[in-house]
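I opened the model to look up its charged side chains and how they pair. My notes follow the order in which I checked them.

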Amino acid sequence: MGAVAALEIDASVGYRASVREWLASNFPRRWMPDQLDYTPPAFAEQVAWERSLYEAGFAGFTWPKEYGGQGQTLVEQLLANEELGRVGIPDSLNGIGKDMIGPVILAVGSEEQKRRYLPRILSMEDMWCQGFSEPEAGSDLASVRTRAVQDGNGWVIEGRKIWTSFAQHSDFCLVLARTGDPGQRHASLSMFIVAMDSPGISVRQIEQINGRANFCEVLFDNVKAPADAVLGGVNQGWGAAGRVLEIERAINRMYRASLFENELRHLVATCRDDARLAALLEAPIYRQRIGACYSDIEVLRRLVRRTVLSLTRGGALDSAGSLIKLHWSETHQRLVSLARDMLAHAARPLSATAARAVERFDELYLRSRAETIQAGASAVQLGIIAQRILRLPKA
């Protein structure tokens, strides 16, 4: 990203300062993961926190005001996200609704759907999950088997979804289902807005390797949905689903670079507090790896900023999202692996500072194992980059 573009992003210093000032007064210090008294927010606490973010003007940045949004630009959204990442903000409970499903409703939803659903997403009155992946249709979404069959004026949905984040808390699910000939793959898919309290829906939480259970399996057994549950038109779901994934890969969670920088600063500060770890900071191999992580983070920051500037100038949200997704997921795995390698040398018994860092990076390490799979596996992103960006011939 050139110097002019960087200045364009940083020109709104007053806005960035206002976000930083608000966070200093409102973000609980005990939620900062680099603090010794760190305590993760309880569910109700985080719902209230996300509602306060919206009320302060820090959610729904680009959404029109008539749908509850702020009527701002992606630049304000980026600046606020960079400040949120700087303090180590927890992942949003309703990030799927706010960052992915909401923009798709804005793009292809009916006027009634926009007015009905969008304001309640931002206010945290409704939480959403995304019913795309299935046991045999993860990276290849065109092979989904969940079916929706017309029944009178509505639809009946049968099937199974998996890895559905926060389904246990959600009020609605955006479901990708087969509505036509399976042989037509992409051309026979539709998206449905389904209320999670509908009869026939059952949710089973899946315990993850890090001890959490935010992924779920969702079963749809003769679930009825009204005619107006279709989002974007019958058999038009592939294009809308692709837009969801483009958003997820490109501009969802724009705070990642700042958050990763927060993690790197935490690692270095912990090392300086421990004589054995401080010696590692002078070792060429670790200095090189720390420098590489810093460079990776800066590349990620610039990729996201470049995409934001392109979009504000009328550019399309295209396959460049695959570059961002590939880079952030592999950057994070390298960073947390470095942290674990270094912290393994801490003096025993662990100091309080080292113990907090070990706890944080152990959890991040386990979570990061899935990051090169979720939102599109690295192999899929490499294929998209090769075909659509580099225009390489197929072997």
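How many salt bridges does a search of the whole structure find? I searched and got 26 salt bridges, a salt bridge being a side-chain nitrogen of Lys or Arg within 4 Å of a carboxyl oxygen of Asp or Glu.

Notes on the source. This is a predicted model, in which local features need pLDDT of at least 70 and side-chain atom pairs count only at pLDDT 80 or more, while totals for chains, interfaces and linings use all residues. Residues are numbered from 1 along each chain as its sequence is written, and side-chain values use heavy atoms, with hydrogens and water left out.

Entry: glutamate 136. I found glutamate 136 in a salt bridge with arginine 145, with 2.8 Å between the closest N and O atoms. I then looked up accessibility (buried is under 20% relative accessible area, exposed over 50%, partly exposed in between; 1.4 Å probe, protein chains only). Glutamate 136 is exposed at 58%, and arginine 145 is exposed with a relative accessible area of 58%.

Entry: helix H10. I took helices as DSSP runs of H or I with at least four residues, numbered from the N terminus. Glutamate 298 forms a salt bridge with arginine 301, the closest N and O atoms being 3.2 Å apart. These two residues are three apart in helix H10 (residues 284-312), so about one helical turn separates them. Arginine 301 is buried at 12% relative accessible area, and glutamate 298 is partly exposed at 22%.

Glutamate 298 also meets arginine 302 in a salt bridge, 3.1 Å from N to O. Both lie in helix H10, four residues apart, or about one turn of the helix. I noted arginine 302 as partly exposed, with a relative accessible area of 39%. I also recorded a network in which salt bridges that share partners join Arg16, Arg20, Glu82, Glu83, Arg86 and Arg305.

Entry: arginine 256. Which side chain of opposite charge is nearest to arginine 256? I found glutamate 371, 6.2 Å away, counting Lys and Arg as positive and Asp and Glu as negative, with His and the chain ends not counted. Arginine 256 is buried yet has no salt bridge. I placed arginine 256 in helix H8 (residues 256-272). Leaving aside neighbours within four places in sequence, arginine 256 is in contact (heavy atoms within 4.5 Å) with Leu300 and Trp328.
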